[in-house]
Amino acid sequence: MTQKLLAAYAEKTSGTLHLRERSYRVATSLMSSFRYAWAGVQYAFQTQRNFRIHTAIAVTAIALGSLLRLSPVELAVIILTIAVVMGLELINTALEAVVDLTVGKEYHDLARIAKDCAAGAVLVGATAALAVAAALILPPLVYPVLGTLF
């Protein structure tokens with residue numbers, strides 16, 4: 001059955017199957033697992049605008065936290081929050097690829113729902129990250145300015 005599906009997919013995609021052949025193999029070593037994982041991060045960075053935006057915001061948040069001399073725990077909370085958002089963005093990208101692979105160029109309501117829900121998960125995570133950044137970065141950033149006024 002799997003061979004028939006692969007053959008049908010090979011015909012349908014005409015030539016792109018060779019790009020995916022290795023994805024059906026189990027990683028032979030820990031290093032190859034890390035290479036595959038890093039390839040996913042690179043793919044997301046190169047192809048997903050929102051992933052690049054999240055990366056820029058993450059670098060800014062960490063730099064601001066360091067410049068403001070936040071405590072190690074506060075920096076850890078910011079870094080963990082960033083990791084959650086970036087992870088959600090990677091899952092969103094993977095889900096969109098799987099849905100596109102399954103549905104192809106046809107429209108399907110369930111495909112829209114899956115993509116919208118995955119994007120919604122990223123939105124919820126990013127909103128929470130914004131709240132964490134506001135709680136941890138804004139006070140030491142704003143207090144020197146507002147503290148002199150009062």
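This is a predicted model: local features need pLDDT of at least 70, side-chain atom pairs count only at pLDDT 80 or more; totals for chains, interfaces and linings use all residues.
**Notes on an all-helix model**

1. Leu-138, Leu-141, Val-142, Val-145 and Leu-146 make a nonpolar surface patch of about 390 Å². Leu-141, one of these residues, sits in helix α6.

2. Now the overall layout. The protein has six helices and zero strands, so if you trace the chain you read α-α-α-α-α-α. Of the 150 residues, 19% are buried. The exposed surface comes to about 11100 Å², and 70% of that is supplied by carbon and sulfur atoms. As for how the chain meets itself, take the contacts with a separation of 6 or more: 59% of them are between residues 24 or more positions apart.

3. Next, the inside. Which residues form the largest nonpolar core? There are 11 of them: Ala-44, Phe-51, Ala-58, Ala-61, Leu-70, Leu-75, Ile-78, Ile-82, Met-86, Leu-136 and Ile-137. Helices α4 (49–67), α5 (72–103) and α6 (109–149) each put in at least two residues. The biggest giver is α5, with four.

4. Setting aside residues up to four places away in sequence, Ile-137 touches Ala-61, Leu-64, Leu-68, Leu-70 and Ile-78.

5. On to charges. Side chains of opposite charge can pair when their charged atoms come close. How many salt bridges does the model have? The count is two. One joins Lys-115 to Asp-100, with the closest N and O atoms 2.5 Å apart. This pair ties together distant parts of the chain, 15 residues apart: Lys-115 belongs to helix α6 and Asp-100 to helix α5. Lys-115 has a relative accessible area of 24%, so it is partly exposed. Asp-100, at 38%, is partly exposed too.

6. The other salt bridge brings together the side chains of Arg-112 and Asp-116, at 3.3 Å from N to O. Here both partners are in helix α6, and because they are four residues apart, about one helical turn separates them.

7. Have a look at the loop between α3 (30–47) and α4, where you'll find Gln-48. The Gln-48 side chain makes a polar contact of 3.2 Å with the side chain of Thr-47. Which residues does Gln-48 contact once neighbours within four places in sequence are left aside? They are Tyr-43, Thr-93 and Glu-96.

8. Last, a backbone detail to check by eye. Arg-69 is not a glycine, yet its phi is positive, at about 55 degrees. You'll find Arg-69 in the loop between α4 and α5. Its relative accessibility is 75%, so Arg-69 counts as exposed.

Conventions: Residues are numbered from 1 along each chain as its sequence is written. Side-chain values use heavy atoms; hydrogens and water are left out. A nonpolar core is a set of buried Ala, Val, Leu, Ile, Met, Phe, Trp, Tyr and Cys residues joined through side-chain atoms within 4.5 Å. Buried means under 20% relative accessible area, exposed over 50%, partly exposed in between (1.4 Å probe, protein chains only). Contact means heavy atoms within 4.5 Å. Patches are made of residues with over 30% relative accessible area and no salt bridge: like charges are joined within 9 Å, nonpolar side chains (Val, Leu, Ile, Met, Phe, Trp, Tyr) within 5 Å. Accessible areas come from the Shrake-Rupley method with a 1.4 Å probe; for residues, only the protein chains shown count as cover. A salt bridge is a side-chain nitrogen of Lys or Arg within 4 Å of a carboxyl oxygen of Asp or Glu. A polar contact is a pair of N or O atoms within 3.5 Å; within protein, one must be able to donate a hydrogen and the other to accept it, and residues adjacent in sequence count only if both atoms are side-chain atoms.
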